[in-house]
Amino acid sequence: MKGLVKIIQTWTLIIIFIILLISFYNQMEENHLDLGKDAPIPTDLHPVVEENKNILIKQAAAIEIDVVITEGTRSISRQNKLFEQGRSTGGNIVTHAKGGESYHNYGLAIDYALRNSNGEIIWDIHYDGNNNGEPDWFEVAELAKGLGFEWGGDWSNFRDYPHLQMTFGLSISQLQRGLRPDYEENTEE
Ligand SMILES: [Zn+2]
């Protein structure tokens, strides 16, 4: 009987220790990301995304590709409307994300298209306007990845060719909980 009590006591201590360790780790993680719980939904692109978007446009222009940014930060209500497209409303499905589930909702994603030689905005991923034998669309994707963007065209489940995002290591559920990328850390030159 005494032995059993001892075992239970030991295990209780071990379990309490593990729980403390896990909560301490979570606390550390959230402190590191910092960032304000209940942080407001941004209306502008994150400064780092904004800066790299502009660099991308310049880099593409240097190889004679005219990139047009068609989407940036999206409100939750606009995201919900887009989600309904192809579901309860007409058109093709354009997103698998409801309001709050897209990096667009946090100023961390942009969508691009191309402007062809006639000045028209096109979504033709095979267009080779600079005549170098490579589709311009993929050249832009490569440039963007070089700047640290993730490209939706690399996703296996739902390829989103116009989509570029920077997550700063934050998941959608962390963003939904109010975590935001750490400004200072990510804006250091
Ligand atoms: Zn997008």
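Select R180 and L175 to begin: a polar atom of the R180 side chain sits 2.9 Å from the backbone oxygen of L175. The model on your screen is a predicted one. To place this first stop, look at the loop between α5 (172-176) and α6 (183-187), where R180 is found. Is R180 buried or exposed? Its relative accessibility is 12%, so R180 counts as buried.

**Stop two: G169**

Now select G169, in the loop between β5 (163-165) and α5. Here the relative accessibility is 64%, so G169 counts as exposed.

**Stop three: the whole chain**

Zoom out for a moment. The protein has 189 residues, and 35% of them count as buried. How many helices and strands can you find? There are 6 helices and 5 strands. Colour the chain from the N terminus on and follow the elements in the order α-α-β-α-β-β-α-β-β-α-α. Among the contacts with a separation of 6 or more, 62% are between residues 24 or more positions apart.

**Stop four: α2 and α4**

Next, select helix α2, residues 47-62, together with helix α4, residues 136-146. Two packed helices are described by the angle between their axes and the distance between those axes. For this pair the angle is about 135°, and the axes are 10 Å apart. The crossing of α2 and α4 is right-handed.

Which residues make the contact? Show the side chains of L56, Q59 and A60 on α2, and of V140, L143 and A144 on α4. These contact residues divide into 5 nonpolar and 1 polar, with no charged ones.

**Stop five: two positive phi values**

Move to E64, in the loop between α2 and β1 (67-71). Phi of E64 is near 60°, a positive value in a residue other than glycine. E64 is exposed, with a relative accessible area of 63%.

Finish at N131, which lies in the loop between β3 (121-122) and α4. Phi of N131 is near 50°, again a positive value in a residue other than glycine. With a relative accessible area of 65%, N131 is exposed.

Note on methods:
Residues numbered from 1 in each chain as written. Predicted model: local features only at pLDDT ≥ 70, side-chain atom pairs only at ≥ 80, totals over all residues. Heavy atoms only, no water. Axes fitted to C-alpha atoms, helices over the stretch in contact; angles between N-to-C directions. Helix = DSSP H or I, 4+ residues; strand = E, 2+ residues; numbered from the N terminus. Left-handed = near helix turned anticlockwise from the far one by under 90°. Contact = heavy atoms within 4.5 Å. Nonpolar A, V, L, I, M, F, W, Y, C, P; charged D, E, K, R; others polar. Buried < 20%, exposed > 50% of the residue type's maximum accessible area, 1.4 Å probe, protein only. Polar contact = N/O pair within 3.5 Å; in protein donor to acceptor, adjacent residues only side chain to side chain.
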